[in-house]
Amino acid sequence: RTMRDFDMQRIFGFLVWFMLLLLFAACQPTPGEDITKNKGDSNIMEIIEATPSTAGKPAEGTMDVLQNCPGDWRERIAVNDKVDILIDAKVCVPPAAALPVIKIEPCNYTRMALSQYLNVFFPDTTLYKRELLPPLTKAQIEKRLIELELNLAKIDGNTDFSEEEKRHSREIYAKSIDELRKQYSAAPEKISLPPYTLNKIIESNGLNICIAQNTETGETVGNVVINASNGSTMRANVVRLSVGDGTGLLGETPERISLGDYAAAGSGLLDNLDIDGYTLNKLYTESRADAKVHVAIYTREYFGIPVNFVWPDVPAQSDEAYSFFWMPEYIMLRYEPSGALSFEYRSPSIEGEVMNTNVTILPFNKIQNIFRNQAANMLKWFEDMESANKREIMVRSVELSYMRVSIKNRRDEYMLIPVWDFYGLQYDASDNGPTPVIMPPGRLELVNSIMTINAIDGSIIDRN
């Protein structure tokens, strides 16, 4: 794929999310566990309001949970002849002195913040609003042809690729090169569009898609997507800035920067953007057909407790009688092998009332039992599929963190509560070994939650 293909794919992904109706998480019952309730029956608010709230001292039993959780959990559960649950997980507990329950509200980006983001990523540039698929200029096509031909020439020397992967990559690059050559004769010398200012972005109170051009040379240096709404769509607010050369912001080329140095450089970039209150939540290298991409994900942190990150699913429906779906809040930095860097900041929030300074949570052994019973029922349907291979659920990490949930019987009010997330994947058995049901496993094992359990009352939070 060309960089333009990749960028447009991400823009289309955002637009799909933005246009869909809104939905929020519900709870489902767990067979075999009296403590697990569905959302309608959950007494979580009664628990929160009844728990003694003594600042600085965790509620009775909570400190024992925080201090005495096992560092590892290893167990195999044979559900039936076709399904096994394999737990080989680190148990991660934040170094917190208490577990408060906090109200949280969506907010907009301030003018000062948006100005800072644009100044850091795009100094000495002019923004132009564009149609979704603007024509490339001749200079842009020439530059991309050079990049694609260089990458094509590197394929044969790539020892990490099989011959089939090399053949497939050659076809992709050859097709992109051929398409660009066909576009060249009709391409304009430059794009002629009126400048688009920050004032216009803010006044639009909605979605803006722009290109950033060097004011002196006219060269396109990046892309800007900003949805900054004060209305009911505020829960889908996003800033996404993509720059063709990120070395000036991170200090090293993608080939030379290690994953650890990338994390440090990313945190330094957030400092330059005047963004605080976020902590590094996930850090990994994402493998693609022709390269590896460094990814760093930052989430809010309150009282030493991070807000969890789970790869967001696209909402499929709405439940307007309860609450609007609110896109997960996070900051993501992606550093491409080409040097392209993208910054994505979604759904900012502000902290509201502390509803309880230290809520009681269930002992970890009860959480384990809830997981065993619920996981055993997740794939009971699989036993009846005669042609199916054996399937394994593999849990790689169990983490206690905050999650934003809607407050029962209070339309559009939200709170952060402590939850346990079980990260991992489902695998099908095959002659070549376990095959992940969802690809690619390297990333999704870190961000795919098999199950989310409310740490306060043990209810199962259904993210779908």
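Q: What does "buried" mean here?
A: Each residue is judged by its relative accessible area, found with a 1.4 Å probe and protein chains only. Over 50% is exposed, and values in between are partly exposed. Buried residues are those under 20%.

Q: What share of the chain's 464 residues count as buried?
A: This is a predicted model, in which local features need pLDDT of at least 70, side-chain atom pairs count only at pLDDT 80 or more, and totals for chains, interfaces and linings use all residues. Residues are numbered from 1 along each chain as its sequence is written, and side-chain values use heavy atoms, with hydrogens and water left out. Of the 464 residues, the buried share is 50%.

Q: How many strands are there in the chain?
A: Helices (H or I, at least four residues) and strands (E, at least two) are DSSP runs, numbered from the N terminus. The chain has eleven helices, and its strands number 19.

Q: Why is strand β8 largely enclosed by the rest of the structure?
A: Look at residues 238-243, which form β8. V238, R240 and S242 point one way, while V239, L241 and V243 point the other way.

Q: Which residue of β8 is the bridge partner of G222?
A: Two strands pair if DSSP finds at least two bridges between them. Strand β7 (residues 220-227) runs antiparallel to β8, with six bridges joining them. The partner of G222 in β8 is V243.

Q: Which residue in β13 does V238 stand opposite?
A: Strand β13 covers residues 341-346 and is joined to β8 by six bridges, running antiparallel. Opposite V238 stands R346.
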